[in-house]
Amino acid sequence: MTNPNASLLLQAAAAAAGGQQYPASALYVVATPIGNLADLSLRAIHVLALADAVGCEDTRHSAPLLQHLGLDKPLLAVHEHNEREAAQGVLARLARGERVAYVSDAGTPAISDPGAALVAAVRDAGYTVVPVPGASSAVAAMSVAGDVRGTGFQFTGFLSSRGAERSQALKALAANPMAQVLFEAPHRIEALVRDLAAACDERPITLCRELTKQFETIATLPAQALPAWLAADTNRTRGEFVLVVHALEASAGNLDQARHDPMLRTLMAALPLKQAVAIAAELTGDARNALYARALTLKDSADEG
């Protein structure tokens with residue numbers, strides 16, 4: 001449904017953002033809301049109004065957004081299955097001097113969404129690419145994680161569902177001292193938290209569900225506590241998920257393997273892994289999460305041998 005105040009909104013957007021240069025023959029990569037329409041920036045609205053055409057991850061999804069803004073634009077389907085081919089149509093429009101905006105279904109394009117191949121094609125053809133920043137679920141999750149040890153983060157997105165690839169990814173995740181951001185769908189969230197509980201033990205994880213939406217939920221718990229927390233309320237498995245695996249303690253990436261590995265191997269030969277790690281942490285005073293990550297690596301090496 002068209003917003004009855006659409007014309008006033010477009011005027012406000014033009015007044016706020018119209019003073020900047022908006023070159024022709026350029027691709028504008030436009031961030032759109034991840035759930036709350038009010039998060040659409042005035043600059044994004046102005047760019048969509050200026051655009052001669054709008055590329056969309058899903059035209060059926062983006063059409064209502066443009067309609068809400070009172071905009072009627074040619075929509076170009078540019079998604080993961082046709083992105084490289086569709087880029088040629090965008091290039092043809094840029095060659096005619098048009099401005100083309102590109103939007104994904106939600107958030108910032110090319111962040112676990114299509115867009116990267118389109119941007120590369122436009123850049124390689126010598127045309128300008130202009131970012132129009134806005135909502136990003138990865139950044140939103142990091143902002144509320146309260147990860148005081150983090151000095152940055154690694155964006156991981158969706159883990160592979162394939163056994164060997166997933167196992168390797170979880171092993172790397174557990175050993176990585178940086179904060180990491182994961183995405184997950186509702187039908188796979190229970191499996192993910194079980195895997196994280198096994199891989200990360202007491203490492204804190206912030207789980208964000210339905211960010212910016214009516215039933216937004218944010219919880220920070222040790223990884224091993226997540227399965228029980230999720231199972232306690234069936235509503236907690238609904239919606240889209242962003243998870244922040246918190247950074248390890250400062251010493252986590254700097255364990256003295258020559259000192260720790262013999263101790264860990266000896267303890268692991270006689271005890272369950274978690275108990276072995278707990279004793280090693282008590283004896284050395286080093287970070288339990290770091291020792292746990294190293295113990296997993298040693299266990300995997302032993303299993304492969």
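Patches are made of residues with over 30% relative accessible area and no salt bridge, where like charges are joined within 9 Å and nonpolar side chains (Val, Leu, Ile, Met, Phe, Trp, Tyr) within 5 Å. Accessible areas come from the Shrake-Rupley method with a 1.4 Å probe, and for residues only the protein chains shown count as cover, while a salt bridge is a side-chain nitrogen of Lys or Arg within 4 Å of a carboxyl oxygen of Asp or Glu. The model is predicted, so local features need pLDDT of at least 70 and side-chain atom pairs pLDDT 80 or more, whereas totals for chains, interfaces and linings use all residues. Residues are numbered from 1 along each chain as its sequence is written, and side-chain values use heavy atoms, with hydrogens and water left out.

**Surface patch**
- Ile-111, Val-139, Phe-153 and Phe-155 make a nonpolar surface patch of about 310 Å².
- Phe-155 lies in strand S6 (residues 153-157), strands being DSSP runs (E, at least two residues) and helices likewise (H or I, at least four), numbered from the N terminus.
- Phe-155 has a relative accessible area of 31% and is therefore partly exposed, a class between buried (under 20%) and exposed (over 50%), with a 1.4 Å probe and protein chains only.

**Pockets**
- A pocket is an open set of points on a 1 Å grid over the protein atoms alone, with protein on both sides within 12 Å along at least five of seven lines, and lining residues have an atom within 4 Å of a point.
- The largest pocket holds about 710 Å³ of space, and helix H3 contributes the most to its lining, with five residues.

Note on methods. 1 Å grid on protein atoms, 1.4 Å probe; cavity = no way out; pocket = protein on both sides within 12 Å on 5 of 7 lines; lining within 4 Å. Points joined across faces, edges and corners; volume = space filled by probe spheres on them.
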